[in-house]
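Please read the following with the sequence and the 3D view side by side. The text goes from the whole assembly down to single residues.

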Number of protein chains: 2
Amino acid sequence: MKKRNCFIGQSGGPTTAINASLAGIIAKCIETQEFEHVYGMINGIKGLIEHKYMDLLDIFKTEENINHLKHSPAMYLGSCRYKLPTYQEDPQSYESLFRTFEELEITDFYYIGGNDSMDTVAKLSTYAATIQSPIRFIGIPKTIDNDLMGTDHTPGFGSAAKYVATSMLEIAYDSSIYKLNAVTIVEIMGRNAGWLTAASALARTQYNEAPDLIYLPEVPFNKESFLNDIREVFKKKRSVIIAVSEGIRDENGEFLDSDSKYAKRDAFGHILHSGTGKVLETMVYQEFKCKVRSIELNVLQRCAMHIASQVDLDESFEIGRCAVETSMAGKTGVMMVFNRVNNYPYEISCDSKDVSSIANLEQRIPIHWINEAHNDITQELYDYLFPLIQGEVTISYENGIPQYANINHLKND
Amino acid sequence: MKKRNCFIGQSGGPTTAINASLAGIIAKCIETQEFEHVYGMINGIKGLIEHKYMDLLDIFKTEENINHLKHSPAMYLGSCRYKLPTYQEDPQSYESLFRTFEELEITDFYYIGGNDSMDTVAKLSTYAATIQSPIRFIGIPKTIDNDLMGTDHTPGFGSAAKYVATSMLEIAYDSSIYKLNAVTIVEIMGRNAGWLTAASALARTQYNEAPDLIYLPEVPFNKESFLNDIREVFKKKRSVIIAVSEGIRDENGEFLDSDSKYAKRDAFGHILHSGTGKVLETMVYQEFKCKVRSIELNVLQRCAMHIASQVDLDESFEIGRCAVETSMAGKTGVMMVFNRVNNYPYEISCDSKDVSSIANLEQRIPIHWINEAHNDITQELYDYLFPLIQGEVTISYENGIPQYANINHLKND
């Protein structure tokens with residue numbers, strides 16, 4: 001007897017794996033045979049406040065369909081960057097949302113996103129408790145930054161890490177061909193946490209030492225040490241390849257690009273960094289007067305589905321399935337998390353934690369996972385990262401390009 | 001009875017397909033059973049002048065080995081950016097080179113590269129004729145820019161085009177998620193020829209219209225038209241995605257980034273452009289005050305083997321094989337070319353042309369393949385480009401990253 005109805009939303013920045021979690025939730029809802037409607041909010045909680053949603057069971061009827069969604073990048077349901085106000089600040093939004101929930105007889109609410117989305121889950125579940133609503137609110141983490149607390153790692157990170165490692169390897173081959181002194185600086189996403197930059201170390205093979213140097217936002221950047229590091233590498237080889245986080249900052253906590261004319265802020269007031277690579281490029285050229293190139297990996301880190309990690313997609317799908325089990329088991333106000341059981345062979349388990357103890361906190365690289373010279377990672381961090389990029393996805397191609405899901409519904413109105 | 005010995009060299013900038021041509025030459029040399037030695041110059045003609053070379057038959061003994069080389073990016077033999085002086089300017093280099101040829105009983109010389117490399121082939125074959133040397137000199141084209149004369153297209157272009165089309169598609173998905181006005185500018189390589197930027201049009205599907213606008217260096221860039229074009233697109237949709245060649249210039253022939261502090265020159269005096277996207281980003285922001293992001297695809301266009309075009313790799317391999325047939329048939333001073341027989345179904349043939357009539361010329365997009373508004377390509381150009389990106393390569397992965405050829409020999413000395 002079908003008696004459940006749920007909402008699923010996606011929020012924050014895109015990753016290649018966020019649709020895999022959506023696919024996992026849909027698949028599990030179908031499998032339980034208890035869901036009459038599985039609604040997708042269009043453009044997250046912001047869209048839902050404006051009554052924008054669609055019934056996903058009308059579209060995702062077959063395993064093939066769901067698998068196609070799992071292998072499509074960005075966000076099928078669209079996103080919002082909207083900080084839900086507190087109930088005290090904006091009671092109308094809460095009342096309007098819960099009126100919609102009541103009309104549609106909603107039993108479960110799944111929200112896939114980063115820190116700001118978990119804040120939304122925490123607020124809604126707290127409000128639900130005060131009005132004694134039985135609806136269960138579950139957060140499913142995603143972020144390429146891997147900076148959420150309480151989970152071993154975040155869905156989406158492994159695929160971004162695989163893109164970074166593969167690109168670093170290919171850039172290293174590209175940089176190997178000339179007999180001249182050259183410095184290549186690869187700027188990688190990561191505002192406060194250097195996980196993705198650290199993943200560039202996975203590019204190292206018996207034929208490739210790059211990245212030769214890695215600079216992370218967890219430790220202060222020092223110009224003199226940086227130039228000295230390069231000088232040391234030049235003693236051994238001609239081509240120096242550097243991985244640097246966009247968010248590195250100096251001893252005073254100043255971002256390197258903070259006075260850049262390209263610095264902007266997002267809706268939450270976070271500075272959107274770009275230009276760290278260019279700043280370092282100039283610094284290196286002034287010192288060494290050699291060929292210098294900076295490469296910003298940019299948004300392809302979070303959307304290059306064609307080189308996604310199979311482990312990441314499978315885990316992201318699985319955590320979606322677990323989210324449905326968790327709410328059906330009666331939990332609410334929790335974020336789904338991974339616990340690592342073992343590195344080699346790699347093994348994880350799914351669990352859930354109180355979201356209000358996690359939201360708005362930031363997981364950065366522990367200092368003991370960064371080498372003493374602050375220009376590389378330790379073996380322990382390498383071992384942590386390694387399992388997350390394993391496995392290659394099989395995607396469909398048509399006319400020479402990947403065949404991704406229909407997102408025409410995001411273009412309306 | 002083995003009686004032939006040859007040199008193979010690679011020169012200019014890397015592509016994902018240049019090792020496929022090297023692999024094709026080696027494979028054909030082995031197949032003929034007439035070659036005793038197949039020497040590879042290390043770092044092109046410059047390395048050869050310094051007596052740097054290796055015997056490739058010591059390494060490439062099996063089909064598997066050769067296939068692995070075919071699927072490795074950048075340049076196995078290393079490169080040089082060295083403009084061979086004329087004989088009159090530098091007789092010593094010519095005499096030294098031909099002394100080496102004589103010592104090693106060289107019969108055939110294969111040089112894989114772009115325009116500057118074809119100039120080297122022309123000069124060496126001309127000199128050979130004046131001293132009545134029987135050595136055959138064959139040029140094998142490669143460039144991601146597709147700007148060589150005399151051939152339907154160049155090896156390496158199709159893979160770069162597939163990378164551009166795939167990245168454009170993934171960026172379009174990434175850009176689709178927010179409900180806000182935004183302009184995304186994708187800067188694509190191509191100094192004087194817009195072929196690679198044009199290939200971004202191959203990203204269009206039933207779910208994706210991007211790129212909405214395409215700007216090519218073959219037609220003058222006009223700021224007012226550009227801003228008007230964006231204004232028109234905004235009437236229909238929120239997210240405007242633009243493909244722009246790094247080499248666009250205004251009505252006075254001025255590059256947009258010519259006064260950029262990042263402008264540099266290569267060994268041939270060509271300006272190395274970067275920053276066109278950033279210049280446009282500022283221009284768009286000042287006019288529309290909306291979210292603007294510029295993305296420079298950078299060197300990954302020419303080294304991302306994991307998303308190479310199977311058609312391109314197969315053709316690049318085949319043109320290497322044809323080069324051996326051509327020199328064995330007695331030709332010299334020629335560049336190998338493709339003739340297109342048909343678009344649908346796609347069919348090409350290999351041929352050769354007098355290299356001195358081709359070298360140093362530049363093939364740009366014919367104006368009638370650009371739309372009247374100068375902001376898109378025609379169907380005819382689409383049909384020309386389409387076959388070149390078809391087919392996906394199968395590469396080996398190890399530890400989550402591609403497994404590419406051993407290039408440790410490039411790191412010596």
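The paragraphs below take up confidence, symmetry, the sheets, a helix pair and some backbone details.

This is a predicted model, in which local features need pLDDT of at least 70, side-chain atom pairs count only at pLDDT 80 or more, and totals for chains, interfaces and linings use all residues; side-chain values use heavy atoms, with hydrogens and water left out. Residues are numbered from 1 along each chain as its sequence is written, while chains are lettered from A and ligands numbered from 1 in the order in which they are written.

The model scores ipTM 0.95 and pTM 0.95.

How are the two chains related? Chain A is superposed on chain B by a rotation of 180 degrees with 0.0 Å of shift along its axis, at an RMSD of 0.0 Å.

Next come the sheets. Helices (H or I, at least four residues) and strands (E, at least two) are DSSP runs, numbered from the N terminus, and two strands pair if DSSP finds at least two bridges between them. In chain A, seven strands form an open sheet of mixed pairing, in the order E3-E2-E1-E4-E5-E12-E13. Strand E3 (53-55) and strand E13 (347-354) of chain A are at the edges with a single partner strand each, so one side of each has no neighbour in the sheet. Neighbouring strands of this sheet are turned by 25 degrees against each other on average, direction ignored. Strand E12 (residues 334-342) of chain A pairs with E13(A) in the antiparallel sense over eight bridges, and A:Met335 has A:Lys353 in E13(A) as its bridge partner. Helix H5 (residues 115-130) of chain A packs on the sheet, touching strands E4 (108-113), E5 (136-141) and E12 of chain A, and its direction makes about 170 degrees with that of E5(A). Axes are lines fitted to C-alpha atoms, for helices over the stretch in contact, and angles run from 0 to 180 degrees between N-to-C directions.

Chain B has an open sheet of four strands with parallel pairing, in the order E7-E8-E6-E11. Strand E6 (residues 182-188) of chain B is joined to E11(B) by six bridges, and B:Glu187 has B:Glu296 in E11(B) as its bridge partner.

Also in chain B, the axes of helix H4 (residues 91-103) and helix H5 (residues 115-130) come within 12 Å and cross at roughly 75 degrees. H4(B) and H5(B) are therefore roughly perpendicular (65 to 115 degrees; under 35 counts as roughly parallel, over 145 as roughly antiparallel and the rest as oblique). The contact involves B:Tyr94, B:Glu95, B:Leu97 and B:Phe98 of H4(B), and B:Lys123, B:Leu124, B:Tyr127 and B:Ala128 of H5(B).

Last, the backbone. The peptide bond from A:Tyr344 to A:Pro345 is cis, with omega near -5 degrees, and A:Pro345 lies in the loop between E12 and E13 of chain A.

Conventions
Contact = heavy atoms within 4.5 Å. Least-squares fit on C-alpha atoms with pLDDT ≥ 70 in both.
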